[in-house]
Structure formats: structure tokens, C-alpha cells
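Let's take a look at the aromatic rings in this one. Have the sequence and the model at hand.

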Amino acid sequence: MAKDQLQVLNALDVAKTQWYHFTAIVIAGMGFFTDAYDLFCISLVTKLLGRIYYYEGHDKPGSLPSNVSAAINGVAFCGTLAGQLFFGWLGDKMGRKRVYGMTLMLMVICSIASGLSFGKDPKAVMATLCFFRFWLGFGIGGDYPLSATIMSEYANKKTRGAFIAAVFAMQGFGILAGGMVAIVVSSAFKAVYPAPAFQVNPVLSTVPQADYVWRIILMFGALPALVTYYWRMKMPETARYTALVAKNAKQAAADMSKVLQVEIEAEQEKVQQLDTKRGNEFGLFTTQFLRRHGLHLVGTATTWFLLDIAYYSQNLFQKDIFSAIGWIAGAKTMNAIEEVYKIARAQTLIALCSTVPGYWFTVALIDKMGRFAIQLMGFFFMTVFMFSLAIPYHHWTMKGNQIGFVVIYSLTFFFANFGPNATTFVVPAEIFPARLRSTCHGISAAAGKAGAMVGAFGFLYAQNGIGVRNTLIVLGVFNFLGMIFTFLVPESKGKSLEEMSGEAEDETPATRESAMEAGLEVRTSV
């Protein structure tokens with residue numbers, strides 16, 4: 001611990017786990033619950049949209065044209081990428097708390113609006129859906145850097161990784177909730193409006209009321225975000241932003257005295273001393289940042305990019321993979337609402353058995369194993385399991401072997417979440433200086449969403465062009481590259497945020513070297 005560490009920051013670092021930690025996890029985590037619900041629930045209703053708006057006659061059920069399908073799946077990611085960069089930058093300029101409410105209101109309004117449409121013809125409906133899902137993504141994008149930064153700045157040293165990972169783990173519950181809401185809504189409509197299978201009567205298999213099913217599922221995403229708005233607005237600004245960026249030690253001490261329920265000295269003089277003593281105010285586009293944190297930013301951005309190509313293509317298109325191997329019955333054998341029910345049931349099962357447990361394994365072990373070990377292990381097993389699916393792909397498609405495919409497919413999700421999907425979110429919130437923390441997290445997350453867009457758009461065309469088997473091999477290669485780039489990411493277990501970013505130390509040539517060494521050090525003993 002540096003001798004000139006501010007008392008308010010030291011108090012946060014050594015604080016025992018208290019009630020305010022858990023309220024912060026829930027308040028920040030509900031944003032992530034909504035994020036995951038909104039981003040992933042679209043994959044539950046795309047086949048229904050195809051049946052309703054793109055009826056193709058008696059041969060086969062209607063399906064979305066590939067360009068429309070790619071737009072609906074990918075447009076939210078475009079918004080998210082823009083939101084991560086914009087709100088990440090704004091969070092460092094205006095403060096975490098002030099921007100936090102804006103992102104939530106945007107998510108609420110656009111969730112409701114994406115279930116509405118201007119006009120009835122397919123073009124109008126799809127254009128409206130894409131428009132509002134872009135802005136929904138924009139709001140969701142802001143939640144990534146802000147939630148991670150707020151949680152990291154509130155947490156103590158000992159359990160910081162678990163707290164940030166717990167916020168991200170709410171994503172698992174969001175995916176689960178999306179599946180469960182779709183099951184409940186489709187079951188209710190199926191019971192009230194029974195319809196024959198497509199092969200029995202192509203026209204009557206899609207009842208007019210099916211148009212309400214997808215709208216209700218999409219609009220439900222506004223509810224959890226709305227519930228947490230009041231509590232977000234009551235959270236004080238983080239002490240690290242107030243003291244280190246806004247330079248108001250008195251306000252930081254007053255805010256954290258209330259939160260921690262202890263008396264904290266303001267130390268305004270120390271803030272001013274540190275400000276004059278350190279040459280530590282370099283910006284993002286400086287050689288000093290490049291020397292100290294350049295490789296770290298490359299590491300966090302690249303690993304997130306490579307992970308999301310595989311993770312999002314798997315998540316968004318698992319319904320197509322399940323249909324291809326015959327785990328979900330052919331579309332002709334079902335009516336429109338029944339198909340929503342079957343897809344939702346399959347995705348909920350995957351989420352329940354592998355996605356959700358994976359997140360909480362990370363929460364439990366991240367401060368014991370360390371970020372580096374979990375990320376490397378996750379990428380390694382994702383690579384192994386992806387090749388296990390791809391190389392003997394023909395074997396998995398044969399009758400009786402589908403369950404084996406689903407088990408291995410589930411394990412890739414488990415090790416994504418007990419692995420890089422969680423750690424790529426945690427690490428950028430810990431290793432950069434307070435004044436650039438939200439921006440750098442936003443850049444890393446935006447690189448991830450660029451990967452998600454490659455996954456969303458690319459998988460669709462790759463599946464049609466080179467087939468599922470070769471697509472899975474390509475995804476395996478991306479996972480392997482993720483493992484290689486993990487070596488650029490530093491270990492932050494057990495260190496304060498100021499130690500990791502170099503803010504705890506005077507800026508001397510020796511310190512610069514030790515900060516760089518600490519950052520680049522890869523611990524083999526974690």
C-alpha cells in the first residue's frame with residue numbers, strides 16, 4: 001500500500017463485505033439482467049416473425065430473408081458498440097452516476113417501443129423493430145462500462161473480482177428469464193388459441209394472435225429496468241471518481257462515510273499534493289498511456305473481440321444448430337406458437353444447466369484462482385469442445401447421438417462463462433486509471449461487440465456458405481487465438497485499483513518500470 005493513499009480509498013479497499021456491497025450488486029446487476037434479456041430474447045422470436053410476415057406458401061413455413069434476419073439480430077449490437085464508446089467516455093467526463101440514469105431510461109423506452117410497429121406490412125414492422133433495437137442497444141452499451149466501473153470502485157480489494165463478476169452473472173438470469181417468459185407467453189397463447197401443425201394446415205397454423213406473442217416477449221424487458229431506476233438515482237457517486245477525477249475529497253469522504261458508516265477524514269490537501277506531485281495526468285492518446293497501458297488495452301480488447309465472435313454466434317443461432325442436428329423437431333410438424341415454445345424450452349435448458357452455473361463458478365473462484373488462470377482455462381476448454389463438435393460432426397447428426405452433441409455444446413457455454421465471458425468484463429474495470437477507466441472499459445467492450453457483430457452476421461452466411469461443421473472449426477480457431485492473446489492481460493487479484501493503474505505511486509522512472517512489470521506480469525502461481 002502506498003504511504004500517500006487517500007484514507008477514503010483505503011477505507012474502501014479494506015472494508016469488510018457489507019450490505020451496501022450487495023445492494024450495489026443488485027442495482028448494477030439488474031441493468032445487466034435487462035441487457036441480457038433484451039439482447040438474447042430476439043433469437044426466441046425470429047422464426048415466429050418469419051412465419052407471420054414472410055409466408056411462403058404450402059411447401060415450408062415462412063422464414064426471414066437472410067439479410068432481414070442478420071439485421072434484426074445484429075442491429076442491437078451496432079447500437080451497443082456505439083453506446084459503449086459514447087457512454088464510456090461520458091462516464092469519465094461527467095461522472096458515473098449522472099450518466100447511469102440516462103442509459104436505464106433509454107433501455108426502458110426502447111424496450112417498450114420495440115414491441116410496437118408503424119404499419120402492418122413486413123417492411124414497416126422490420127424497420128421499426130430495427131430502429132428501436134438500435135437505440136435499445138445504445139442504452140445497453142452504456143451499462144457495460146458504467147456498471148463495471150461503479151462496482152470496481154465500490155468494492156474492497158479482497159473480493160472485488162467476485163463483486164464485479166456477480167454483476168455480470170446477472171446476465172445469466174436475464175437469458176434464463178427471456179426463455180421462461182417466452183415459455184409462459186407461448187404456453188398461454190397455445191392453450192387459448194389452439195392451431196394445427198403447418199403440415200396439416202399451413203394457413204391456420206399461424207393464428208393472427210401470434211403477432212402479440214413476440215411483442216409481449218420483447219416489451220417485458222422494460223420491467224426490471226424500470227424497477228431499479230429509483231435506486232440507481234439514490235446511489236452516491238463513487239469515491240474514486242469524486243476524489244481522483246473531480247478532485248473533491250470532502251464530498252468523497254462525506255459520501256463514503258454514509259455508505260460505510262464510519263468517520264472518514266476529507267484530506268483535501270492530500271488530493272492537491274498528489275495532483276501537483278505526480279506527472280500522472282496523461283490522457284488516452286499519449287505515449288505515456290501507450291507505454292504504461294497500451295498492451296493491456298490491446299489484450300483486453302482483443303480477447304473480448306475473439307470471445308464474442310464464438311459466444312454470440314453460439315447463443316444467437318443455437319436454435320438453428322439444434323434444428324440441424326434434429327434436437328428440435330422440423331418446423332412443418334409444429335404450429336407457429338408451438339415452435340416458439342420448443343425453441344425457448346431448449347434455450348432455457350441450456351441456460352439453466354450450463355450458462356448460469358458457469359457465471360457463479362467464476363464468482364466463487366475468481367479471487368482464489370485469479371483472472372488470468374480462469375480466462376486461459378476457459379479459452380482452452382472452449383477450443384477443445386468446439387473441435388470435439390466439429391471434427392466428428394457427421395457422427396453427432398446421426399440418430400441417438402444428439403444428446404452427446406447437446407452436452408458438449410453446453411460445456412462450451414459453461415467454460416465461456418466460467419472463463420473469458422466473465423473475466424473480459426472484470427479486468428478492464430480494474431487495471432486502468434480512474435480518469436480513463438470507464439473509457440477503456442468501453443473501448444474493450446466495444447471491441448467485444450464488434451466480435452458479436454462478426455458472429456451475428458458472419459455465422460449466418462458461413463452456415464449457408466461453408467456449412468455448420470466448418471463454421472464450428474472456424475469458431476474453435478478464434479477461441480484458440482483468444483487463449484494466445486490472454487498473455488497480454490495482467491493479473492489484478494488482491495491489488496488495489498491504484499496499484500494496478502500506477503496512481504498509488506509517484507511518477508519516477510523506477511516506478512514506471514515497476515508499474516509496467518506489475519502490469520505485464522503473468523502469474524503462474526495463481
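Predicted model: local features only at pLDDT ≥ 70, side-chain atom pairs only at ≥ 80, totals over all residues.

How many aromatic pairs does the count come to? The answer is 37 aromatic pairs, where rings of Phe, Tyr and Trp (its six-membered ring) pair if their centres lie within 6.5 Å.

## Ground rules

Residues are numbered from 1 along each chain as its sequence is written, and side-chain values use heavy atoms, with hydrogens and water left out.

## Two edge-to-face pairs

Take F22 and F163: ring centres 6.4 Å apart and planes at 75°, so they sit edge-to-face (planes over 60 degrees apart; under 30 is stacked and the rest tilted). F22 belongs to helix 2 (residues 19-40) and F163 to helix 7 (residues 160-192), so the pair ties together parts 141 residues apart in sequence. Helices here are DSSP runs of H or I, at least four residues, numbered from the N terminus.

F163 is buried at 6% relative accessibility, while F22 is partly exposed at 42% (buried is under 20% relative accessible area, exposed over 50%, partly exposed in between, with a 1.4 Å probe and protein chains only).

Then there's F134 with W135: centres 5.1 Å apart, planes at 90°, so edge-to-face. F134 is partly exposed at 25%, and W135 is partly exposed at 32%.

As for charges over rings (NZ of Lys or CZ of Arg within 6 Å of the ring centre and within 35 degrees of the ring normal), K190 lies over the face of Y341 at 4.2 Å from the ring centre. R232 lies over the face of Y100, at 3.6 Å from the ring centre.

Terms used
Helix = DSSP H or I, 4+ residues; strand = E, 2+ residues; numbered from the N terminus.
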